[in-house]
Amino acid sequence: MLANIFGTIAGILTSIRLIPQVYKSIKTKHTRDLSTAFLVIIFLQAGFLILYGITKPDMLILWGNIVAFICTIILIILKIIYTPKEK
């Protein structure tokens, strides 16, 4: 039972960890300080954990990482949109 509680808390935190950054990026229209490598690593991590959650099957891992995956995609798009173009 304790493992389920810890797993649920970890899943919730995994799901919401990028929401504040998405909010701040949209509000400030600024993503210059976001590392592209960080975004790629988080994207891959969430993607592979989604695949793991599907094959296991483990719904907690699956749903926790779907939200993180979507947030990462949003941050990558915002980084592309808000990065100044060189002249």
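Contacts between residues 24 or more positions apart make up 74% of the contacts in the chain with a separation of 6 or more, where contact means heavy atoms within 4.5 Å. The structure is a predicted model, in which local features need pLDDT of at least 70 and side-chain atom pairs count only at pLDDT 80 or more, while totals for chains, interfaces and linings use all residues. Residues are numbered from 1 along each chain as its sequence is written, and side-chain values use heavy atoms, with hydrogens and water left out.

The chain holds four helices and zero strands; helices (H or I, at least four residues) and strands (E, at least two) are DSSP runs, numbered from the N terminus. Read from that terminus, the order of elements is α-α-α-α. Along the principal axes, the C-alpha atoms fill a box of roughly 55 × 25 × 15 Å. Of the 87 residues, 25% count as buried, a term for under 20% relative accessible area, with exposed meaning over 50% and partly exposed lying in between (1.4 Å probe, protein chains only).

How do two helices sit against each other? Two packed helices are described by the angle between their axes and the distance between the axes. Axes here are lines fitted to C-alpha atoms, for helices over the stretch in contact, and angles run from 0 to 180 degrees between N-to-C directions. Helix α3 (residues 36–55) packs against α4 at an angle of about 150°, the axes being 8 Å apart. That makes α3 roughly antiparallel to α4; angles over 145 degrees count as roughly antiparallel, under 35 as roughly parallel, 65 to 115 as roughly perpendicular and the rest as oblique. The crossing of α3 and α4 is left-handed, meaning that the near helix is turned anticlockwise from the far one by less than a right angle (clockwise would be right-handed). Residues of α3 including L39, I42, F43 and A46 meet residues of α4, among them N65, A68 and T72. The residues of this contact divide into 16 nonpolar, five polar and one charged. Here Ala, Val, Leu, Ile, Met, Phe, Trp, Tyr, Cys and Pro count as nonpolar, Asp, Glu, Lys and Arg as charged, and the others, Gly among them, as polar.

Helix α1 (residues 2–16) also meets α4: the two axes come within 7 Å and cross at roughly 15°. That makes α1 roughly parallel to α4, and the crossing is left-handed. On the α1 side, G7, T8, G11, T14 and S15 take part, facing L60, W63, G64, N65, V67 and A68 of α4. The residues of this contact comprise four nonpolar, seven polar and no charged.

N65 lies in helix α4 and counts as buried because its relative accessibility is 4%. Apart from neighbours within four places in sequence, N65 is in contact with T14, R17, A46, L49 and I50.

T72 belongs to helix α4 (residues 59–82). Is T72 buried or exposed? With 0% relative accessibility, T72 counts as buried. The side chain of T72 reaches the backbone oxygen of A68 at 2.8 Å. Not counting residues up to four places away in sequence, T72 touches L18, L39, I42 and F43. The C-alpha atoms of T72 and L18 are separated by 7.3 Å, although these residues are 54 residues apart along the chain.

Terms used. A polar contact is a pair of N or O atoms within 3.5 Å; within protein, one must be able to donate a hydrogen and the other to accept it, and residues adjacent in sequence count only if both atoms are side-chain atoms.
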